[in-house]
Amino acid sequence: MNALAEALNEGKLAGAGIDVYEKEPPLNNNHPLLKAKNCICVPHIAYATKESFDARIDIVTNNIMTWLSK
């Protein structure tokens, strides 16, 4: 994560959105990504959208139907 923060701060990367960390939140207040340029840090919940839940329902339903058809 230090290398990512360094690349962001040096302008080598345009930006980053992070929701998975080497240690799950809460992060230490002086974690390098929390102060990195153009970096958005969220808890491990970025997947929790209506669209992602709808897609998972479709996946599970299709998996069950496939299993039942065998």
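The legends below describe close-up views of a predicted model. Local features are taken at pLDDT of at least 70 and side-chain atom pairs only at pLDDT 80 or more, whereas totals for chains, interfaces and linings use all residues. Residues are numbered from 1 along each chain as its sequence is written, and side-chain values use heavy atoms, with hydrogens and water left out.

**View 1. Histidine 44 in the loop between strand S2 and helix H2.** Histidine 44 lies between S2 (39–41) and H2 (50–68), where helices (H or I, at least four residues) and strands (E, at least two) are DSSP runs numbered from the N terminus. With a relative accessibility of 37%, histidine 44 counts as partly exposed; buried means under 20% relative accessible area, exposed over 50%, and partly exposed in between, with a 1.4 Å probe and protein chains only. Leaving aside residues up to four places away in sequence, histidine 44 touches Asp19, Val20 and Glu24, a contact being heavy atoms within 4.5 Å. The C-alpha atoms of histidine 44 and valine 20 are 5.8 Å apart in space, although the two residues are 24 apart in sequence.

**View 2. Aspartate 19, a buried acidic residue without a salt bridge.** Aspartate 19 lies in the loop between strand S1 (16–18) and S2. The nearest side chain of opposite charge is that of arginine 56, 10.0 Å away; here Lys and Arg count as positive and Asp and Glu as negative, while His and the chain ends are not counted. A salt bridge requires a side-chain nitrogen of Lys or Arg within 4 Å of a carboxyl oxygen of Asp or Glu. Not counting residues up to four places away in sequence, the contacts of aspartate 19 include Glu24, Pro43, His44 and Tyr47.

**View 3. The 2 salt bridges found in a search of the whole structure.** Lysine 12 pairs with glutamate 10 in a salt bridge whose closest N and O atoms are 3.1 Å apart; lysine 12 is exposed at 62% relative accessibility, and glutamate 10 is partly exposed at 45%. Aspartate 54 forms a salt bridge with lysine 50, with the closest N and O atoms 2.7 Å apart. Both aspartate 54 and lysine 50 belong to helix H2, where they stand 4 residues apart, about one turn of the helix. Aspartate 54 is partly exposed at 33% relative accessibility, whereas lysine 50 is exposed at 59%.

**View 4. The largest nonpolar core, with 9 residues.** Its members are Ala5, Leu8, Ala16, Ile18, Tyr21, Leu27, Leu33, Ala36 and Cys39, and the elements that give two or more residues to this core are helix H1 (2–9) and S1. Such a core is a set of buried Ala, Val, Leu, Ile, Met, Phe, Trp, Tyr and Cys residues joined through side-chain atoms within 4.5 Å. Cysteine 39 touches Leu8, Ala16, Ile18 and Leu33, residues up to four places away in sequence not being counted. In soluble globular proteins, nonpolar side chains tend to be buried together.

**View 5. Alanine 14 in the loop between H1 and S1.** Alanine 14 counts as exposed, with a relative accessibility of 72%. The C-alpha atoms of alanine 14 and cysteine 39 are separated by 9.0 Å, and the two residues are 25 apart along the chain.
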